[in-house]
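Hi,

Here is the structure I promised to pass on. Have a look at it below, and then read on for my notes.

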Amino acid sequence: MSTRRNFLLQTALGMAATTMGPLTATAAVSGRRDKATLPVGMAGYTFAKFNLDQAIAIMNRVNIKNISVKDIHLPLNSSEEKIKEVLGKFSAAGINVYAVGVIYMKTKQAVDEAFEYAKRVGVPLIVGVPTPDLLDYTEEKIKAYNIRLAVHNHGPEDALYPGPKNAYDLIKNRDPRLGLCLDIGHATRAGEAPDKAVLAYKSRIFDLHIKDVSAAAKDGKAIELGRGVIDFKKLVGALDKINYQGVCSIEYEKDMSDPLPGIAESAGYFRGVIHTLNS
């Protein structure tokens with residue numbers, strides 16, 4: 001096991017980073033793209049216990065260049081000066097802020113604030129959780145701002161959207177800019193295989209939160225990619241079949257006070273799966 005861990009750490013911190021090169025959201029453009037260009041990112045919640053500079057330093061160590069920024073590091077009520085400061089730090093590190101969220105929306109005011117925030121930050125995507133009764137209002141805002149929103153599923157504990165199907169059934173006939181952020185770990189715990197979900201919901205999948213879990217059950221725990229029950233080869237194969245155009249953002253929720261080894265192992269494993277299937 002230690003040999004495997006050392007290999008994956010070397011892959012994430014060294015060889016894979018240099019051979020894969022910087023992967024940005026802008027690499028996902030219209031038309032057929034190579035599996036090797038699946039952009040790898042980070043979900044900002046991973047760095048809940050770290051300040052912005054520390055989070056950037058960790059991302060640089062593993063050569064991950066995309067982030068969905070959380071309000072931990074860029075509050076919703078941030079001034080223009082604060083937004084400029086935070087975006088400037090990411091830009092200086094070569095990191096692309098491609099989305100904001102997860103943002104919870106239980107009132108119309110919260111929906112308004114989320115879209116104004118995304119507009120001021122200058123991102124085309126919100127990862128959010130509007131309550132079902134607010135989906136009509138959310139759809140109006142999507143049309144008014146031309147900003148996409150991806151509904152995030154949160155597993156069996158979530159009364160609103162435990163699995164992606166719960167969200168998909170409510171949005172499938174709405175504006176095409178209203179879609180899903182497929183959290184593959186929570187989906188697995190809620191009884192939906194991620195590869196099957198990708199194929200079933202196709203163009204409605206705007207974002208991915210990549211993680212592994214120890215069991216396909218409510219009590220499944222977060223674990224390094226490749227050590228749990230998720231079949232990543234099937235997942236990457238499904239993403240290729242639908243010509244997925246978004247980012248694959250790792251959300252690492254194990255050892256959150258010391259995540260670097262696990263992030264490095266997970267990034268190395270995921271990049272290795274992409275490389276293997278592309279060779």
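This is a predicted model: local features need pLDDT of at least 70, side-chain atom pairs count only at pLDDT 80 or more; totals for chains, interfaces and linings use all residues.

How many helices and strands are there in the protein? There are 10 helices and 10 strands, where helices (H or I, at least four residues) and strands (E, at least two) are DSSP runs numbered from the N terminus.

Residues are numbered from 1 along each chain as its sequence is written, and side-chain values use heavy atoms, with hydrogens and water left out.

**Overall picture**

Of the 279 residues in the protein, 54% are buried; buried means under 20% relative accessible area, exposed over 50%, and partly exposed in between (1.4 Å probe, protein chains only). The protein exposes about 11,700 Å², and carbon and sulfur atoms supply 52% of that (Shrake-Rupley method, 1.4 Å probe; for residues, only the protein chains shown count as cover). If you take the contacts (heavy atoms within 4.5 Å) with a separation of 6 or more, 75% of them come from residues 24 or more positions apart.

**The core**

The largest nonpolar core has 84 residues, and Ile 126 and Ile 210 touch the most other members. A nonpolar core here is a set of buried Ala, Val, Leu, Ile, Met, Phe, Trp, Tyr and Cys residues joined through side-chain atoms within 4.5 Å.

Not counting residues up to four places away in sequence, Ile 184 touches, among others, Pro 194, Ile 210, Lys 211 and Phe 232. Three of those names turn up elsewhere in this email: Ile 210 in the core, Lys 211 in a salt bridge and Phe 232 in an aromatic pair.

**Salt bridges**

The count comes to 15 salt bridges, taking a side-chain nitrogen of Lys or Arg within 4 Å of a carboxyl oxygen of Asp or Glu. Which residues does the network around Lys 211 link? Asp 183, Lys 211, Glu 251 and Glu 253 are joined in it through salt bridges.

Lys 211 and Asp 183 have their closest N and O atoms 2.8 Å apart. That pair links distant parts of the chain, with Lys 211 in the loop between strand S7 (205-210) and strand S8 (212-213), and Asp 183 in strand S6 (residues 178-183), 28 residues apart. Lys 211 is buried at a relative accessible area of 4%, and Asp 183 is buried at 0%. Lys 211 also bridges to Glu 251, where the closest N and O atoms are 2.9 Å apart. Glu 251 sits in the loop between strand S10 (248-250) and H10, so this pair ties together parts that are 40 residues apart in sequence. Glu 251 is buried as well, with a relative accessible area of 6%.

Lys 89 is partly exposed at 31% relative accessibility, and Glu 85 is partly exposed at 40%.

**Aromatic pairs**

There are four aromatic pairs: rings of Phe, Tyr and Trp (its six-membered ring) pair if their centres lie within 6.5 Å, and planes under 30 degrees apart count as stacked, over 60 as edge-to-face and the rest as tilted. One of them is Tyr 168 with Tyr 201, tilted, at 4.6 Å centre to centre and 35 degrees between the planes. Tyr 168 is in helix H6 (residues 164-171) and Tyr 201 in helix H8 (residues 194-201), 33 residues apart, so to speak a link between distant parts of the chain. Tyr 201 is buried, with a relative accessible area of 7%.

Another is Phe 232 with Tyr 269, edge-to-face, at 5.9 Å centre to centre and 80 degrees between the planes. This pair also links distant parts of the chain: Phe 232 is in helix H9 (residues 232-241) and Tyr 269 in helix H10 (residues 260-278), 37 residues apart. Phe 232 is buried at 1% relative accessible area, whereas Tyr 269 is partly exposed at 22%. Ring pairs link Phe 232, Tyr 269 and Phe 270 into a cluster.

Cheers
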